[in-house]
Amino acid sequence: MSRSTPPRSSPLTVGLALVSSLVGCVHAPGPREVATAYVRALEENRLEAASALTSLPPEERATFLSHYADAEARRARISQVRAALPALRAQGPSLSLIESKEGWRVVEESPQDAPRASLTRFLDATEAADWETAWSLLSSSLRARYTPERLREDFQREPLAAERVRRARLAVKGPVEVTEGGAAFPLGEQRAVRLTREAGEYRVEALE
């Protein structure tokens, strides 16, 4: 009489089972439980289980497995996640929650924080030559005129581009004038780095 072969568990089932074993109950795991299960799977070199706990689509899992097959890449990622756990955040458009001793709490930011963060992301992206991200942070009118490639070319051709980025980097640390339609970081002589507000998000309109 032939013996039946037990069904194999999928990586997703394994990943969720790992989370369940950590929390010890059947409630939907929260950010900390998922992050802890993810980093533990990396530490134990169970890459299928780790990838099942990510948002990667199935067609991108092979790249994940190949990347973290390298022990040094795993160690770097484990260090990043471990360092982030004490100040873990859950974030969405116009909403951020942070974990505290009392549980999850809504982060209530000042009106100046959002435009400052948006401009900082844009400046970081340009200095890192991440033109896709920089383009995505432009206002809709500028995105219609540019492509990421053209934005790169303009920054490389424009002799004053580096100076404008430098001045904007200094301005982002200073005062910001927030209005209903956007925000401005004064540069002096009636010049300013200007952001416009679109769908609740701040987008770069002009560096000066």
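Me: How do I read the handedness of a helix crossing, and is the crossing of H6 and H10 left-handed or right-handed?

Reply: Look down on the pair. A crossing is left-handed if the near helix is turned anticlockwise from the far one by less than a right angle, and right-handed if clockwise. H6 and H10 cross in a left-handed way. Helices here are DSSP runs of H or I, at least four residues long, and strands are E runs of at least two, numbered from the N terminus.

Me: What should I know about the model and its numbering?

Reply: It is a predicted model: local features need pLDDT of at least 70, side-chain atom pairs count only at pLDDT 80 or more, and totals for chains, interfaces and linings use all residues. Residues are numbered from 1 along each chain as its sequence is written, and side-chain values use heavy atoms, with hydrogens and water left out.

Me: At what angle do H6 and H10 pack?

Reply: An axis is a line fitted to C-alpha atoms, for helices over the stretch in contact, and the angle runs from 0 to 180 degrees between N-to-C directions. For H6 and H10 the angle is about 145 degrees, and the axes are 10 Å apart.

Me: Which residues of H6 and H10 meet?

Reply: Contact means heavy atoms within 4.5 Å. From H6 come Leu119, Thr120, Leu123, Asp124, Thr126 and Glu127; from H10 come Val165, Ala168 and Arg169. Sorted by class, that contact has four nonpolar, two polar and three charged residues. Nonpolar covers Ala, Val, Leu, Ile, Met, Phe, Trp, Tyr, Cys and Pro; charged covers Asp, Glu, Lys and Arg; the others, Gly among them, are polar.

Me: Take Ala168 in H10. Is Ala168 buried or exposed?

Reply: Ala168 has 0%, so it is buried. Beyond four places in sequence, Ala168 touches Leu119, Leu123, Val193 and Leu207. The C-alpha atoms of Ala168 and Glu208 are separated by 8.2 Å, although these residues are 40 apart along the chain.

Me: How many residues does the largest nonpolar core have?

Reply: A nonpolar core is a set of buried Ala, Val, Leu, Ile, Met, Phe, Trp, Tyr and Cys residues joined through side-chain atoms within 4.5 Å. The largest has 25 residues, and Leu119, Phe122, Phe155 and Phe185 have the most contacts inside it. Elements that each supply at least two core residues include helix H6 (113–127), helix H9 (148–157), strand S5 (182–188) and strand S6 (191–198). Another core lies apart from it, with 14 residues, among them Ala37, Val39, Ala41 and Leu42.

Me: What does Phe122 contact?

Reply: Skip neighbours within four places in sequence. Phe122 then contacts Ala134, Leu137, Leu138, Phe155, Val204 and Leu207.

Me: Where is Ala192, and what does Ala192 touch?

Reply: Ala192 is in strand S6. With a relative accessible area of 5%, Ala192 is buried. Not counting residues up to four places away, Ala192 touches Ala184, Phe185, Pro186, Leu187, Ala206, Leu207 and Glu208. Its C-alpha is separated by 6.9 Å from that of Leu207, 15 residues apart along the chain.

Me: Which residues have a positive phi although they are not glycine?

Reply: Ala129 is one, at about 60 degrees. Ala129 lies in the loop between H6 and H7. At 47% relative accessibility, Ala129 is partly exposed. Glu189 is another, at about 55 degrees. Glu189 sits in the loop between S5 and S6. Its relative accessible area is 71%, so Glu189 is exposed.

Me: What are the totals for the chain?

Reply: The chain has 10 helices and seven strands. Of its 208 residues, 29% are buried. Among contacts between residues at least 6 apart in sequence, 40% join residues at least 24 apart.

Definitions and conventions. Buried means under 20% relative accessible area, exposed over 50%, partly exposed in between (1.4 Å probe, protein chains only).
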